[in-house]
Amino acid sequence: MPLPRHRMLRAALLFLAMAWLGAVASAQSGDGALRVGSKRFTESYILAELLAQTAAPHTASPPVVRQGLGNTAIVYEALRSGAIDLYAEYTGTIALEILKGSPAETREAMNAALAPMGLGVAIPLGFNDGYALAVRAADAERLGLRTLSDLAKHPELRLGLSNEFIGRADGWKGLAARYGFKQVPTGLDHGLAYEAVAAKQIDAIDIYTTDAKIEHLGLRVLEDDRKYFPRYDAVVLYRLDLPARLPKAWAALQMLEGRIDEHAMIAMNARAELQSVPFDAIARDFLAGTGKGAKTQEPRRGFTAKLFGPDLWQLARQHLVLVAVSVGVAILIGVPLAILVFPHVRLRALVLGFASLLQTVPSLALLAVLISMLGAIGALPALIALTLYSLLPIMRNTVTGLAEVPNGLRLAGTALGMTPPQSLRLVLLPLALPTLLAGVRTATAIAIGTATIAAFIGAGGFGERIVTGLALNDRELLLAGALPAAALALLSEGIFELVEMLMRRRRRAPPPSLPP
């Protein structure tokens with residue numbers, strides 16, 4: 001005998017609640033493991049794998065690698081909150097972005113400033129990866145560009161700079177003041193800037209001095225003749241409790257000190273960016289080789305191999321969980337709240353206005369705030385953000401559906417002696433259901449697209465491929481992430497279309513008799 005509809009609804013709601021709690025638990029799990037983070041560029045991905053693989057033989061469980069956590073602000077907040085234990089950072093960035101001061105002369109001075117935050121600097125890896133500006137070699141020859149002062153004399157040249165560099169304390173604003181630049185730069189993703197300068201859409205870009213594409217694209221690095229940029233020596237930024245918590249792993253990590261020189265780092269970056277070698281394979285080869293980025297020749301992976309890679313089903317499962325749980329919880333919150341405020345015009349306007357306001361908050365900004373508030377990265381802040389973004393279409397369509405119920409039908413229910421709860425359950429909600437379902441359909445489409453941003457905080461999903469593809473400027477990898485997300489969106493549209501078709505058939509069937 002089939003279950004009554006209200007019992008099926010309760011079972012579905014219970015399942016969604018359990019899924020939410022399971023996702024939250026998984027987001028907070030792994031306290032006994034080493035958690036390694038990275039920023040969203042090639043070198044940081046590789047260094048995270050090097051740190052994790054070096055420590056792995058000396059930990060009880062495999063290290064958790066949180067790749068591509070965005071810019072300095074997000075990955076530093078993840079470290080400060082305890083969501084990760086360490087990541088590879090650069091001395092200039094620590095001094096100017098994190099400590100908000102001038103470059104410290106010694107590591108001891110940095111540690112003294114970081115200690116009150118529970119953080120420390122250790123294990124200088126052996127290379128300097130500084131900021132610089134670069135132009136096409138042909139333009140450098142034609143215009144006599146050798147230094148940044150030379151570049152400042154040509155305000156007609158177009159600058160395309162990474163968004164982080166434009167906003168950094170040691171970035172564009174100070175550089176423009178030091179050299180007197182008159183240009184207004186265009187903000188670009190670091191990986192895409194190389195493609196733009198090669199295509200002559202821009203004339204100068206900011207680069208990291210260990211980028212592999214500098215030589216590959218024939219770019220000329222301009223001399224910082226007024227000594228604006230500090231040194232950016234690669235180090236490990238870590239939580240002070242880590243050496244005591246995992247002493248064997250920490251001792252193993254110390255063995256990396258001074259082991260990576262600039263040539264080795266450039267070689268490893270080249271394998272990732274020019275040969276599409278996976279980051280974990282690059283790290284494994286380096287640790288097993290001579291320290292010079294062994295195995296320089298690798299067959300390049302094709303698009304089909306990237307699209308149907310071994311991570312496809314894992315990413316699909318993660319993406320589905322993010323969407324299903326967030327939309328499910330948004331239904332649990334949004335529908336009852338919309339029903340509650342529907343009779344009260346001012347309260348309804350206030351609640352819907354607040355939900356609309358949430359939609360205007362940029363997703364990365366909301367994720368950064370949630371990381372700070374929750375002290376966690378991964379599924380938990382991603383689920384909360386996706387739930388908040390799903391509320392508006394669900395609540396607005398619920399209110400609209402209730403408002404569209406004809407007055408005569410409302411009065412008919414009252415005339416038949418229905419109580420307000422009975423009228424809501426038997427008259428208002430069934431008639432409002434098609435409009436409500438359209439809101440859920442919209443919320444699902446929004447969640448599928450927005451869930452790709454969750455990869456910036458280590459929540460997984462198809463966004464992992466997109467984020468990595470951006471870092472490597474790999475169009476095939478970008479498509480390998482975007483196409484499955486698009487397929488998931490089309491699948492959800494098909495499911496909702498099928499549900500609506502079944503509902504239309506049901507409405508054409510004779511209505512059930514009303515209870516006495």
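Q: Where does Ser276 lie?
A: Ser276 sits in the loop between H14 and H15; helices here are DSSP runs of H or I with at least four residues, strands are E runs of at least two, and both are numbered from the N terminus. The model is predicted, so local features need pLDDT of at least 70 and side-chain atom pairs pLDDT 80 or more, while totals for chains, interfaces and linings use all residues. Residues are numbered from 1 along each chain as its sequence is written, and side-chain values use heavy atoms, without hydrogens and water.

Q: Is Ser276 buried or exposed?
A: Ser276 counts as buried because its relative accessibility is 6%. Buried means under 20% relative accessible area, exposed over 50%, and partly exposed in between, with a 1.4 Å probe and protein chains only.

Q: What about phi of Ser276?
A: Positive, near 60 degrees, and Ser276 is not a glycine. Most residues other than glycine have a negative phi.

Q: Where is Lys227, and what is its phi?
A: Lys227 is in the loop between strands E9 (219–221) and E10 (234–239), with a positive phi of about 55 degrees. Lys227 counts as exposed because its relative accessibility is 63%.

Q: Back to the helices. Which residues of H14 and H15 meet?
A: From H14, Ala264, Met268, Arg271 and Ala272; from H15, Phe279, Ala281, Ile282, Asp285 and Phe286. Contact means heavy atoms within 4.5 Å.

Q: How many are nonpolar, polar or charged?
A: Seven are nonpolar, none polar and two charged. Ala, Val, Leu, Ile, Met, Phe, Trp, Tyr, Cys and Pro count as nonpolar, Asp, Glu, Lys and Arg as charged, and the others, including Gly, as polar.
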